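This report covers one protein chain. Read it with the sequence and the coordinates open.

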Amino acid sequence: MKAKAGFLSLAEELQSYILSFLTCRDILRCTSVCKALRQTYTSSSELQYIIELSGQRLLPVPNVVDDTSISKRLQLLRDKAHAWFKFNLHSFETVSLPEELSSVDTFVADGHLCSWEADEHSAVIFPILPKPSRRQIKRDWSPGTLCSVPHATNLDVFMDPAQNLLAVVYAVPGGPLQSDETVYIDLRALDGDSVHPQAAGRTLILSELLGFNTNYVKLKGFEKHIALLRRQHGTPIALGTSSDRMWQLQIWDWQNSTASNCVLSDTFLDLHYEADISFLGNNRLLVVTDNLKLYSIEDMSQTPQLLAYFLLPFTLPNLECLPMDNIQHSSEPQMQVPQMMYTSDPKNRLLCITSSSRTQVFIISTRIFFDLDGMAGATLIPWTCWGPSNTRIFRHADPCSVHVSGNRVLQAFPVHEPYPIHTEYILHLMDFSPLAVANRRGLGRVVKEPSTIATDAPRESLTTSLPYVEVVLDKKFGSDVSQLDDIWADKDRIYLLNANWERGDETCVLCDTPQSRWLEVVDV
């Protein structure tokens, strides 16, 4: 009687092909079954590429034509992960900011420096040390050119260089009162004044909100979504000094429709607390107020569906939800618009919530917002059930700077020294991806032990334990006349915004606004 042919009798290439249909976890389980399957894995670049992508919390981009071999892609992926911890901070290029941007809020997006001056109603975007393979957009909107509507007031601007998108929200007076104003959102191409070629129309239609406060407007976007967060004027409460305030959020699928029934509204009671939002991919939205409310926005024809309600251990005054960068890499650097080979997994990124003072920083793994296990939307999920193992909280005596990119965090820690004349900062690089924690290859320090911070409540503390790998750089930033204003990171570079606060005359007195600012750009 002939013996039955088993899986191990198949050719190694066929074994590898069959295993490639399994999940990452199941592939790793198979490698522990026997030496033969372990050998199949170690000799297969395809299987190792699957594990590397999953371990770095990345997803392959479908339908991309690429001639790069799998083994080359695997090596590039590993090299890029290691370069995050091995770059030379003392080797950088300097980009001086124009004088008109010395005291203006700026941010870095897709290799561009973007700036919006609310008081002057002006904006600027330009590429930072551009590479030939990247799209380059350079525009300078002088006062009055962002919006051509007479007597209009610009309220906020959203720029997305990756999609060549400019969104401007503005108000047009219709009467003597602020509540008589009508609000519009215009969509245009960043590199021209025409309507964006992928937009359903030039102007988005807003729902009514009585008593709208034009002093509180936030315009945010992520891929196909644009959202406007605004607030009503407060109505005094008879038995207190705070105000009952209503906020409203409207979301558009701007590529498919100018109208939207996807509207949320709620109230918060304290003047000192704000609302903010974060898109978790294209189907989920997190509303951050005194707690976290998770909504499904899969059906844009209706009000977002509440999926879960996560309680925070304490409230953050004037909180800010930092935008989540989308890590994308290409193996074709010579293309004018490179094809992306892999992208961040929205189910496994990091969310960063900070107080306005930047003394408290919440780093949260977004996986908790997808592993709901049938929880009802009306159910309140206590902090103790979700927070400690999915979060790291950092608390500083002085304001810090922080930026999140995929599963990596760049954070400038204040240096605590006795009787400081000025605040100095040291950069901490952190990688929260499971593969970095499990296989750091001698790079950095693995932090698995819980960390505890004191809260404002007497004799109370908070412990969190989300693991990460950390490298502390040896260069200090800050002096008696200059300081580190902000930091950003993307897949290729780290950007450090510095400011000179010294007055140029012989009195040597510090100014109220910086005399100059410049970027130090470090290749990773």
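## Salt bridges

A salt bridge joins the side chains of Asp26 and Arg29 (3.3 Å, N to O). The term means a side-chain nitrogen of Lys or Arg within 4 Å of a carboxyl oxygen of Asp or Glu. This is a predicted model: local features need pLDDT of at least 70, side-chain atom pairs count only at pLDDT 80 or more, and totals for chains, interfaces and linings use all residues. Residues are numbered from 1 along each chain as its sequence is written, and side-chain values use heavy atoms, with hydrogens and water left out.

Asp26 and Arg29 both sit in helix 2 (residues 24-31). They are three residues apart, about one turn of the helix. Helices (H or I, at least four residues) and strands (E, at least two) are DSSP runs, numbered from the N terminus. Asp26 is partly exposed, at 27% relative accessible area. Buried means under 20% relative accessible area, exposed over 50%, and partly exposed in between (1.4 Å probe, protein chains only).

The count comes to 18 salt bridges by this rule.

| Asp26 | Arg29 | 3.3 Å |

Glu449 is partly exposed at 43% relative accessibility. Asp492 is buried, with a relative accessible area of 12%. Lys491 is buried too, at 19%. Shared partners join Lys80, Lys131, Lys491 and Asp492 into one salt-bridge network.

## A buried aspartate

What is the nearest side chain of opposite charge to Asp486? It is Arg358, 4.6 Å away. Asp486 is buried yet has no salt bridge. For charge, Lys and Arg count as positive and Asp and Glu as negative; His and the chain ends are not counted. Asp486 belongs to strand 34 (residues 482-489). Beyond residues up to four places away in sequence, Asp486 touches Ser401, Tyr495, Leu496 and Leu497. Contact means heavy atoms within 4.5 Å.

## Nonpolar cores

A nonpolar core is a set of buried Ala, Val, Leu, Ile, Met, Phe, Trp, Tyr and Cys residues joined through side-chain atoms within 4.5 Å. The largest one holds 27 residues. Those touching the most other members are Leu292, Phe310, Ile353, Phe362, Ile364, Phe369 and Trp386. Two or more residues each come from strand 17 (284-288), strand 18 (292-296), strand 19 (305-310), strand 23 (350-354), strand 24 (360-365) and helix 6 (383-390). Strand 19 gives the largest share, three residues.

Ile353 is worth a look. Setting aside neighbours within four places in sequence, Ile353 is in contact with Val288, Leu292, Leu316, Leu319, Glu320, Cys321, Gln360, Val361, Phe362 and Ile364. Another core, of 24 residues, lies apart from the largest one. Its members include Ala83, Val437, Ile494 and Val522.

## Helix packing

Helix 1 (residues 12-19) and helix 3 (residues 35-42) have axes that come within 10 Å and cross at roughly 80°. Helix 1 is therefore roughly perpendicular to helix 3. Angles of 65 to 115 degrees count as roughly perpendicular, under 35 as roughly parallel, over 145 as roughly antiparallel and the rest as oblique. Axes are lines fitted to C-alpha atoms, for helices over the stretch in contact, and angles run from 0 to 180 degrees between N-to-C directions. Helix 1 makes the contact through Glu12, Gln15, Ser16 and Leu19. Helix 3 uses Leu37, Gln39 and Thr40.

In helix 4 (residues 45-55), the buried residues are Leu47, Gln48, Tyr49, Ile51, Glu52, Leu53 and Gly55.

## Positive phi

Most residues other than glycine have a negative phi. Asp110 is not a glycine, yet its phi is positive, about 50°. Asp110 lies in the loop between strand 3 (106-109) and strand 4 (112-117), and is partly exposed at 34% relative accessible area. Leu129 has a positive phi near 40°. Its place is the loop between strand 5 (122-127) and strand 6 (139-141). Leu129 is partly exposed, at 26% relative accessibility.

## Whole chain

The protein chain has seven helices and 36 strands. Of its 524 residues, 51% count as buried. Among contacts between residues at least 6 apart in sequence, 56% join residues at least 24 apart.
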